[in-house]
Amino acid sequence: MEALLADDVVFTSPVAFKPYPGKAITAAILRGVMRVFEDFRYVREIADANGRDHALVFEATVDGKRINGCDFLHFDDDGKIDDFVVMVRPLSAATALAARMGEQFEQIAAEAAHLSREQT
């Protein structure tokens, strides 16, 4: 997934107030999500005619709670994701996701710092 991200990608989380700018933090967050999600799978893709905007509907489980969500992706002129917005439901699953991702925070921050050093 990291190879698909633009250097200036902005990630908007369903459980954090402020967006996260940059490839390193976005890649680290996505790795953290994959450690938290169980049975993750995309079930549908919706794309605009020019292929730059996609909505990827997914299902997963977090702490035994079924979660439905959608990744909204925008691709830049180079075919890289420069905007990545995630929305999830229901609230009980979103709350479980927020708690589990909070547990991942230190590892995510360390991975992002490591990736930032590698990119420079």
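Where does Pro-90 lie? I found Pro-90 in the loop between β6 (81–89) and α2. Helices here are DSSP runs of H or I with at least four residues, strands are runs of E with at least two, and both are numbered from the N terminus. The peptide bond that leads from Arg-89 to Pro-90 is cis, with omega near -10 degrees.

**Ground rules.** I noted that this is a predicted model, where local features need pLDDT of at least 70, side-chain atom pairs count only at pLDDT 80 or more, and totals for chains, interfaces and linings use all residues. Residues are numbered from 1 along each chain as its sequence is written, and side-chain values use heavy atoms, with hydrogens and water left out.

**Helix α3.** I looked up α3 next, which covers residues 105–119 and has 15 residues. From its first C-alpha to its last, α3 reaches 21 Å, close to the 21 Å expected at 1.5 Å a residue; the expected span is 1.5 Å times one less than the number of residues.

Which residues of α3 are buried? I listed Ile-108, Glu-111, Ala-112 and Leu-115. Buried means under 20% relative accessible area, exposed means over 50%, and partly exposed is in between (1.4 Å probe, protein chains only).

What do the buried residues of α3 pack against? They pack against α1 (23–36) and α2 (91–103).

**α1 with α2.** I then turned to this pair, which packs at an angle of about 115 degrees with the axes 10 Å apart. The axes are lines fitted to C-alpha atoms, for helices over the stretch in contact, and angles run from 0 to 180 degrees between N-to-C directions. From α1, Ile-29, Gly-32, Val-33, Arg-35 and Val-36 meet Leu-97, Arg-100 and Met-101 of α2. Contact means heavy atoms within 4.5 Å.

**Gln-104.** I placed Gln-104 in the loop between α2 and α3. Gln-104 is buried, with a relative accessible area of 12%. Leaving aside neighbours within four places in sequence, Gln-104 is in contact with Gly-32, Arg-35 and Val-36.

**Leu-73.** Is Leu-73 buried or exposed? Leu-73 is buried, at a relative accessible area of 7%, and sits in strand β5 (residues 65–75). Beyond neighbours within four places in sequence, I noted its contacts with Arg-52, Asp-53, His-54, Leu-56, Ile-81, Asp-83 and Phe-84. Leu-73 and Arg-52 are 21 residues apart in sequence, and 7.9 Å apart in space from C-alpha to C-alpha.

**Two positive phi values.** Asp-39 is not a glycine, yet has a positive phi of about 55 degrees. I found Asp-39 in strand β3 (residues 38–47), and Asp-39 is exposed at 54% relative accessible area. Asp-63, also a residue other than glycine, has a positive phi near 50 degrees. Asp-63 lies in the loop between β4 (53–62) and β5 and counts as partly exposed, at 46% relative accessibility.
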